[in-house]
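Hi,

Here is the structure I promised to pass on to you. Have a look at it first, and then read on for what turned up when I went through it.

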Amino acid sequence: MELENNQTGQPFLKEYSYDLGVLDRGYTNRTLYINVGSYKIKEKPVTPLMKDKFIGGKGFGLYYLWQAVTESTKWNDPENEIIISSGPVGGITQYPGSGKSLVVTLSPLTNMPIDSNAGGYFGPFLKFAGFDAIELQGKADKDVIIFIDGNKGTISIEEAHGETSDTHILGGQLTEKYADNEEDRRNIAVISTGSGAEHTNIGLLNFTFYDVRRKGIRLKQAGRGGIGTVFRDKHIKAVVIKFAGVKGNLNHPVDQLTLNKTGIKLHKEIHDLDNAQNRMRKIGTANIIEVMDQYDLLPTHNYKFGAHKDTFKIASDVFISKVTQNSPDGCWHGCSMACAKAADHFELKTGPYKGQKVTIDGPEYENAAGLGSNCGIFDPDAILELNFYCDTYGIDTISYATLTAFVMECYENGILNQERTGGLELNFGNTEASLELLHQMSQGVGFGKIAGLGIRKMKAYLAKEFGADPQFLFDIGMEQKGLEFSEYLPKESLAQQGGYGLTNKGPQHDEAWLIFMDMVNNQIPTFEDKAEALHYYPMFRTWFGLNGLCKLPWNDIAPADNKLTDEPAKIPEHVQNYVDIFNAVTGKAIDKHELIRQSERVYNFQRIFNIRMGFGKRVHDKLPYRAMGPVTVEEYVSRQERYDKQLTELLDYDTTGKSTEEKIKVMRDYRESQYEKLTDAVYKRRGWTMDGVPTVEKLRELEMDLPELLEVVEKNM
Amino acid sequence: MIKLNNRECEWQEGLTVQELLKLKTFTYPRIIVYVNDKIISPEDYASTIIEDGDKVKAIHLMAGG
Ligand code: SF4
């Protein structure tokens, strides 16, 4: 019998009841499995092995994904899963940045696991509703909405009817639908994507939460790697969760007092020092646009250059005037860092929602740099409009921006022309063309359909259809492992080339951001120094993703006496804070070394997972040359003095009378060999073979010598 | 000549920390300056004279990302 949900009028496809359970020391000790193809719903126990070796968050995601797929599974096979998990520390309200959800799936861009994190309330609500993680598997034959009522202990799969998929509308509609009344809306969190995710490989997941002050939904994104594309391929329209009764002690930590004390200490630091340091409360991550420009690091014109004369037009102060002031916003309770900015009452000038006044979350640095300077666009309103449409269409702004910059360079080089783009004049700086491309992507029409494939597939298409030079495309197409680069210019920092290239999921800077340490401070001059940094920081930062934590409160604020410590770059006091809050929640007794080992276990697991899927070896860690040095004469000439000097000083190469092409070649040989040497040093430090495979000894040392891992490793030695 | 972050750097008589930061366009808000291993507070940047041969460090603390 088909029942109907009284509240929403939606037909139920499946109903399920569960006992609410107990949350103890950060874990519910149970996860939720839903197959949207067969409507099977079940609860699974969290095993001691999962807690010991995978901790939570993306650790749980990778663990479940490994069980779900085989080496031949593709992203759009029903076996692929989307796993969302917070982590044992996630959901506390005392320490800033504790509400992240980690999402893992097989990516349509990279064909291997991708992980991405999002703020908002979903992850904590899921835990309070009784589950440490949710696995979504299968493929529905019609659009479905999953609804979890975390107070009643019910789960339903319902048929979706008629709703648009664009998030700024759908998220609001579902929040209203599933809330009992206005007051109840704050208790609803929605995961959804948008029409763009249905037609591109770069779909993201939006995590909405209700903003009581604005009386509307806000969005945070799990942006990278096409997770939204997988979500829509499964015909999931939304996952909605409801939980009323958030309190500071729901994790049942063993030591509430330490949590309180540690939190208060950081709140005070943020209160006293943020204005003089990074102004996160005032402008959020967009604070660094002009700084990046001044240090020649702001990606401009598809990463050709690092600065532009018009950057002042999109500087942070310009955005300050556009975002609503005097309301520092957090994306989870208790985040006094409050970087979640929004521009209100923004009137859209293009697209299907033209004329509507909307709230735009952001801009983040990545949006301003990617949608802006990297595409030669220096119009703040255009950046906000692009930002809005990317979000509501469910399109990853970073991939969109980087691939559009690539398309623009192809256009300026004659690889593309108006005929090939269906009339779009995709020169750098053409705002209208960029917006039109985005609208096309949302419908899967015109050149937008091609661009939405992502850079890797586009390169193959351009070479095949138009005879473009594959080597040139490889050099300027800023993707690696299939994922588009995030928005920093790594050309002059070898360590950052490693920070992008020697990563598990592809060139996203969330493993390591070492540009200042390396290029400006010159603190890691040798290969071994760089390798040490490329060991420590990726491991340290992986840990946030195991615990449902946000990275920003770690180093976007520093204690006043941080400079007196022996390793200021690590912010030692904050590292100790993390050790303290982890122990306070879980009752374990880790120290800062065990923290790194916890990450190393999962990091190596992910590497081996990549290898199991046919990737993740040295050959996959190569970078496009644009990331390492000047590809074109124009680029070389823009920094001629610097490059000539380097050739003379580092290589004893006499530049007199040499053509720019000759100098480019010598520079390229040198820089590529440096990257190879760096790769050797990093693999050695990480305990991997020179082909990038974790060794059996390393796995034993980490107590990660699980039979399924040894099997993959031994096969690939 | 002085050393700035362990690299050779031009020097002139009377150069202050403030002028050096300006010359290098070191505009980042979170820099720790050391002259010969002694930390210089921001309020002393204008009055601290750098001598020929000094070892200066201007350490930019990571953020972003
Ligand atoms: S620092 Fe910003 S992104 Fe991180 S939790 Fe706080 S508000 Fe959210």
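This is a predicted model: local features need pLDDT of at least 70, side-chain atom pairs count only at pLDDT 80 or more; totals for chains, interfaces and linings use all residues.

V103(A) has S116(A) as its bridge partner in β6(A). Strand β6 covers residues 113-118 of chain A, and it runs antiparallel to β5(A), with six bridges joining the two. Together β5(A) and β6(A) make a hairpin with six residues between them. In the turn of that hairpin, N111(A) has a positive phi of about 60 degrees.

Is β5(A) mostly covered or mostly open? Mostly covered: six of the six residues in this strand, 101-106, are buried. In a regular strand the side chains alternate between the two faces of the sheet. For β5(A), S101(A), V103(A) and T105(A) are on one side, L102(A), V104(A) and L106(A) are on the other, and all of them are buried, leaving both faces covered.

Next, the ligand. Among the residues that surround the ligand are G97(A), K100(A), D329(A), G330(A), C331(A), C335(A) and C339(A). M337(A), A338(A), C550(A) and L552(A) also belong to its surroundings. By type, this shell divides into seven nonpolar, two polar and two charged residues.

There is also an open sheet of seven strands in chain A, in the order β1-β9-β8-β13-β10-β11-β12, with mixed pairing. Its edge strands are β1 (12-17) and β12 (216-222), each of which pairs on one side only. Neighbouring strands of this sheet are turned against each other by 15 degrees on average, direction ignored. At the β12(A) end, seven bridges join that strand to β11 (residues 205-211), and the two run antiparallel. One of the pairs there is L205(A) with A222(A) in β12(A). Helix α4 (residues 167-178) lies across β8, β9, β10, β11, β12 and β13 of chain A, and runs at about 145 degrees to β10(A).

One loop residue deserves a look too. L502(A) sits in the loop between α18 (494-501) and α19 (515-520) of chain A. Is L502(A) buried or exposed? With a relative accessible area of 1%, L502(A) is buried. Leaving aside residues up to four places away in sequence, the residues that L502(A) touches include Y603(A), D621(A), Y675(A), L678(A), V682(A) and R686(A). L502(A) is also 9.4 Å from G616(A), C-alpha to C-alpha, although 114 residues separate them in sequence.

Finally, the chain as a whole. Chain A has 28 helices and 17 strands. Its radius of gyration is 24 Å, close to the 27 Å that the globule rule gives for 717 residues, so chain A is as compact as a globular protein of that length. The C-alpha trace spans about 80 × 55 × 55 Å along its principal axes. Buried residues make up 67% of the chain. Of the contacts between residues at least 6 apart in sequence, 70% join residues at least 24 apart.

Best wishes

How values were computed: Residues are numbered from 1 along each chain as its sequence is written. Chains are lettered from A and ligands numbered from 1 in the order in which they are written. Side-chain values use heavy atoms; hydrogens and water are left out. A residue is near a molecule or strand if one of its heavy atoms lies within 4 Å of it. Ala, Val, Leu, Ile, Met, Phe, Trp, Tyr, Cys and Pro count as nonpolar, Asp, Glu, Lys and Arg as charged, and the others, Gly among them, as polar. Buried means under 20% relative accessible area, exposed over 50%, partly exposed in between (1.4 Å probe, protein chains only). Helices (H or I, at least four residues) and strands (E, at least two) are DSSP runs, numbered from the N terminus. Two strands pair if DSSP finds at least two bridges between them. Axes are lines fitted to C-alpha atoms, for helices over the stretch in contact, and angles run from 0 to 180 degrees between N-to-C directions. Contact means heavy atoms within 4.5 Å. The radius of gyration is taken over C-alpha atoms; the globule rule is 2.2 Å times the number of residues to the power 0.38.
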